[in-house]
Amino acid sequence: MKLEHRKNNIEWLVKSGLSDANFWETLIDSKVKCNLCPRDCTILPGNFGFCKSRYNQNGVLKTAIWGKMLTPSVEPIETEAVFHYWPGAKILSLGNLGCNLECDFCQNWESSDMRNLSEEFIRYFTPTEIVDLAKKMDIKIISFTYNDPIIWFEYVYETAKLAHQSGIKTLFKSAGFISPQAAKYLTKVIDIFSISLKSIDEETFKSMSKGNVNDVLEAIKIFYKSNKHLEISNLVIPKLTDAESDIKKLVKWIKKELSTEIPLHFVRFHPAYRYTDVERTSIELLVKAREIALEQGMKYVYIGNTYEKNHADVYCRECGQILINRFGLYTEISELSPESCCLQCGENQKIVLSPKNGKQVKFNENEITGNSWTWEWTNDDSRNLHVEVKNLSNEKGALICDHLKKNGDVLEREITSIPGRAEIRMAIGQKNNEDKKVIILSSDKLHCNIVELLDRAHFPLKETAKDNMAL
């Protein structure tokens, strides 16, 4: 049942458990001041801060979302606008509740705005359970993402520390609206930062996100100086952030404060939340933004949320050779040595390559008893398939997905192992222009439901599948 009022929506958060929060100070009359983000909210007893996740319980600041999240998802690392760290690696993505910004165009509004959130969609995992899940699936990167993991700081920090003890890397996908003190703490436990810079223009940022862009820029500089991996994305929004002057201003700042070698992503926008009176960002506009950034001196510039050829390929900055080919969910390293050097000219690209991320579990297709489906695309605009998987047994289950490649005669196969008792989402299929179908085979231990999406940003909390593929 959908809850209609913000107050009712968050009452269950308090009732379901509170945990100690970090970065706050005591004020008079049992008020507290939260210092996690630049808002510095003064919170009265019995009230939440702006993010609706940090709560004053009798003069003590608590977090109401520790361990509370959406269903975890398995995706390629590229979905986080990370192209230069472990290309093609599988990640375990975690999203929480609420946000410390309030963007009119929010692409994850179903989880960031409590008014649209129902308790039935919330899951609970301890840090140990998340790390164990990643280990069972042989996934080497845990990503904190979707709405914004800043307000989940305490849980992120503890989970990231535990992940490192098991040799698992950590990724932080965020808008970067965080206090300098908290940002510095994050650099102790995060390996990869992917920052979505909403706008470089101060007035535009404030009007559309209810925040201050200068605070974000300071946080980005902290992440960069920590020598952790950093990539920056910019959501190109029609009539808001698509001006040529904004693109040049962004590039100028990156060149001055960071480096021309920072990977820069221009991401396609689709109408959402309160900003729906415009069309999706045109491919032509994104291409123009990329050309401007390259002309201004950036070495690596990409286009996101599109399924067009060459937009996500990595080119040698010296000779122009294609080093990594990408299309949607697929990544192929072609002309790059294990030392990250171009095989044509020898130029080092400073791309962090990994040992093979996760060993594919070798299932014999003939040994899998269950159901198979031929998925016929139902929407011309759909470009991606997610599958919601529940394993109600204590044994591992198998999910196989065959993708028809664009040449029509070569099959690409992804074999995924599902650990016992797991509930998870997976990005499993994409549509090329010539694709007619995707073939899915699942063992009888799994309960599956297929959902068509426009792109990664469409990550529904409620059921939107055309057909229920329950076993």
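Modeller: Let's start with how helix axes are drawn: an axis is a line fitted to C-alpha atoms, for helices over the stretch in contact, and angles run from 0 to 180 degrees between N-to-C directions. Helices (H or I, at least four residues) and strands (E, at least two) are DSSP runs, numbered from the N terminus. This is a predicted model, where local features need pLDDT of at least 70 and side-chain atom pairs count only at pLDDT 80 or more, while totals for chains, interfaces and linings use all residues. Residues are numbered from 1 along each chain as its sequence is written, and side-chain values use heavy atoms, with hydrogens and water left out.

Biologist: At what angle do the axes of helix 3 and helix 4 cross?

Modeller: Angles under 35 degrees count as roughly parallel, over 145 as roughly antiparallel, 65 to 115 as roughly perpendicular and the rest as oblique. Helix 3 (residues 127-136) and helix 4 (residues 153-165) cross at roughly 45 degrees, with axes that come within 9 Å, so the two helices are oblique to each other.

Biologist: Which residues make that contact?

Modeller: Contact means heavy atoms within 4.5 Å. Helix 3 brings Pro127, Thr128, Ile130 and Val131, and helix 4 brings Tyr155, Glu158, Thr159, Leu162 and Ala163.

Biologist: And how do helix 8 and helix 9 meet?

Modeller: Their axes come within 10 Å and cross at roughly 40 degrees, which makes helix 8 oblique to helix 9 too. From helix 8, Glu244, Ile247, Lys248 and Val251 meet Lys288, Ala289, Ile292 and Ala293 of helix 9.

Biologist: Which residues of helix 9 are buried?

Modeller: Buried means under 20% relative accessible area, exposed over 50%, and partly exposed in between (1.4 Å probe, protein chains only). In helix 9 the buried ones are Ile283, Leu286, Ala289, Arg290, Ile292 and Ala293. They pack against strand 14 (229-236), helix 8 (244-257), strand 15 (264-268), strand 16 (301-304) and strand 17 (314-315). After helix 9 comes Gly297, with a positive phi near 115 degrees.

Biologist: Where is Asn58 found, and what is its phi?

Modeller: As background, most residues other than glycine have a negative phi. Asn58 has a positive one, near 55 degrees, and sits in the loop between strand 5 (54-57) and strand 6 (60-63). Asn58 is exposed, at 69% relative accessible area.

Biologist: What about Asp138: what is its phi?

Modeller: Phi of Asp138 is also positive, near 55 degrees. Asp138 lies in the loop between helix 3 and strand 11 (141-145), and at 22% relative accessibility it counts as partly exposed.
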